[in-house]
Amino acid sequence: MSDQPEITIRDLTVGYGREPVLHGLSATFPRGRMTAVVGPNGSGKSTLLGVIAGVLRPAAGSVERATSSSPAFVAQRSAVSDSLPISVRDTVSMGRWAHRGPWRRLTAQDRAVVEECMARLELLPLAARRLGSLSGGQRQRALLAQGLAQESELLLLDEPGAGLDAEARRLITEALENTKALGTTVVQVTHDFAEAMRADHCLVLHDGQLTAAGAPGDVLTPQVLEKVWGIRSLP
Ligand SMILES: Nc1ncnc2c1ncn2[C@@H]1O[C@H](COP(=O)(O)OP(=O)(O)OP(=O)(O)O)[C@@H](O)[C@H]1O
C-alpha cells in the first residue's frame with residue numbers, strides 16, 4: 001500500500017444547516033489506490049465526497065490534496081438535465097472540458113480518449129442516442145465514462161454500481177481497476193460489501209463519524225458489522 005496519501009482530511013465538520021452531518025472527521029485516502037467509503041443511509045458518505053470534490057464547504061477542518069488536478073466527480077444524480085438534446089458522445093466529451101475548456105474544439109487526442117472511454121463501458125452502440133432517452137443503468141455508464149474521460153488524478157464516485165445489473169457492474173469494476181492501474185486514486189461510496197472488500201482501503205462512517213479505517217478485511221469485522229449495520233456477517 002502506498003504510504004503517501006492523496007487526500008488528508010483533518011477535523012472536518014460539515015453540515016447543511018446548523019446541525020453538523022460530519023463531526024470532526026479525520027482520515028487519509030492512499031494515493032493510486034481504491035478507497036471504499038461505506039456506512040448506513042444518512043451516515044454522511046455523500047457529504048464527505050461532496051467536500052472532497054469541492055462542491056460543499058466545510059464548517060471547520062481541512063481537506064488537503066497531494067496533487068492539483070481538479071477531481072473527476074461522478075455524482076449519484078447528474079447535473080445534466082434530461083431535456084437537453086445532448087448525445088451520449090457529447091456527454092462523455094464534456095469530460096474533456098477540464099483539459100480544453102467548454103468552447104475549444106476537441107483535439108484528435110481528446111476524441112480518442114472519448115471513444116476509448118465509451119468502448120470500455122460498451123457505450124459505442126449508444127453513442128448517438130440522447131442522454132435523456134437512456135435507461136437508468138445506461139445513463140449511469142455514460143456518466144461514469146464522462147468521469148473517466150476527464151483523466152484526473154482523482155476519481156470520486158457516489159454509488160457507481162447502484163441499481164445496475166451484474167454485467168454493468170462488472171464493466172464498472174473493470175473500468176475502475178484499469179483506471180487505478182494507470183495511477184489514479186479512486187474513491188467510491190458503496191453499499192456493496194463485495195465491492196468494498198475488493199478495495200485497497202476502507203472507511204466506515206456511522207452517524208457522521210469515522211468508525212473504522214484500514215484494509216477492508218481488517219475493518220469489516222463482525223463487531224463493526226454488528227455495531228454499524230446490526231448484522232453478524234457480510235451478506
Ligand atoms: N442537501 C441537503 N440538505 C439538508 N440535509 C442534507 C442534505 N443532503 C444530505 N443531508 C442530510 O445529511 C445527512 C447525511 O446525508 P448523506 O447524503 O451524506 O448520507 P449518505 O451516507 O450518503 O446516505 P445514503 O446511503 O442514503 O446515500 C442525512 O441526515 C441527510 O438527511
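**Points on the predicted model**

1. Ser-70 is partly exposed, because 13 other C-beta atoms lie within 10 Å; a residue is called buried when 20 or more other C-beta atoms, placed from the backbone, lie within 10 Å of its own, exposed when there are 12 or fewer, and partly exposed in between. This is a predicted model: local features need pLDDT of at least 70, side-chain atom pairs count only at pLDDT 80 or more, and totals for chains, interfaces and linings use all residues. Residues are numbered from 1 along each chain as its sequence is written.

2. Ser-70 is located in the loop between β4 (60-65) and β5 (72-74); helices (H or I, at least four residues) and strands (E, at least two) are DSSP runs, numbered from the N terminus. Leaving out residues up to four places away in sequence, Ser-70 touches Ala-98 and Ser-152, contact being defined by C-beta atoms, placed from the backbone, that lie within 7 Å. Between Ser-70 and Leu-84 there are 14 residues of sequence separation and 25 Å in space, C-alpha to C-alpha.

3. The loop between β4 and β5 also holds Ser-68. With 6 C-beta neighbours inside 10 Å, Ser-68 counts as exposed. The C-alpha atoms of Ser-68 and Leu-49 are 17 Å apart, for a sequence separation of 19 residues.

4. Which residues surround the ligand? They are Tyr-16, Val-21, Gly-39, Asn-41, Gly-42, Ser-43, Gly-44, Lys-45, Ser-46 and Thr-47, a residue being near a molecule or strand if its C-beta atom, placed from the backbone, lies within 6 Å of it. This shell comprises two nonpolar, seven polar and one charged residue; Ala, Val, Leu, Ile, Met, Phe, Trp, Tyr, Cys and Pro count as nonpolar, Asp, Glu, Lys and Arg as charged, and the others, Gly among them, as polar. Helix α1 (residues 45-53) gives the most to the shell, with three residues.

5. Thr-47 belongs to the shell around the ligand and is found in helix α1. Thr-47 is buried, because 22 other C-beta atoms lie within 10 Å. Apart from its neighbours within four places in sequence, Thr-47 is in contact with Val-14, Val-21, Leu-22 and Leu-56; of these, Val-21 is also listed around the ligand. Thr-47 and Pro-58 are 11 residues apart in sequence, with 9.8 Å between their C-alpha atoms.

6. Helix α5 (residues 136-149) consists of 14 residues and reaches 20 Å from its first C-alpha to its last, close to the 20 Å expected at 1.5 Å a residue; the expected span is 1.5 Å times one less than the number of residues. Is α5 largely enclosed or largely open? It is largely enclosed by the rest of the structure, because 10 of its 14 residues are buried. The buried residues include Gln-140, Arg-141, Leu-144 and Leu-148. Their cover includes β5, α2 (88-93), α4 (108-120), β6 (154-158) and α6 (166-181).

7. The packing of α5 against α6 has an angle of about 5 degrees, with the axes 11 Å apart; axes are lines fitted to C-alpha atoms, for helices over the stretch in contact, and angles run from 0 to 180 degrees between N-to-C directions. The two helices, α5 and α6, are therefore roughly parallel to each other, a term used for angles under 35 degrees. On the α5 side the contact involves Gly-137, Arg-141, Leu-144 and Leu-148, which meet Ala-168, Leu-171, Ile-172, Ala-175 and Thr-179 in α6. The residues of this contact divide into six nonpolar, two polar and one charged.

8. Most residues other than glycine have a negative phi. Glu-151, which follows α5, has a positive phi near 45 degrees. Glu-122, in the loop between α4 and α5, has a positive phi near 50 degrees and counts as partly exposed, with 14 C-beta neighbours inside 10 Å. Glu-159, in the loop between β6 and α6, has a positive phi of about 50 degrees and is buried, with 20 other C-beta atoms within 10 Å.

9. Gly-214 is found in strand β9 (residues 209-214) and is partly exposed, with 13 C-beta neighbours inside 10 Å. Gly-214 touches Cys-202 and Val-219, not counting residues up to four places away in sequence. The C-alpha atoms of Gly-214 and Gln-138 are separated by 33 Å, and the two residues lie 76 residues apart along the chain.

Methods:
Two residues are in contact if their C-beta atoms, placed from the backbone, lie within 7 Å. Angles under 35 degrees count as roughly parallel, over 145 as roughly antiparallel, 65 to 115 as roughly perpendicular and the rest as oblique.
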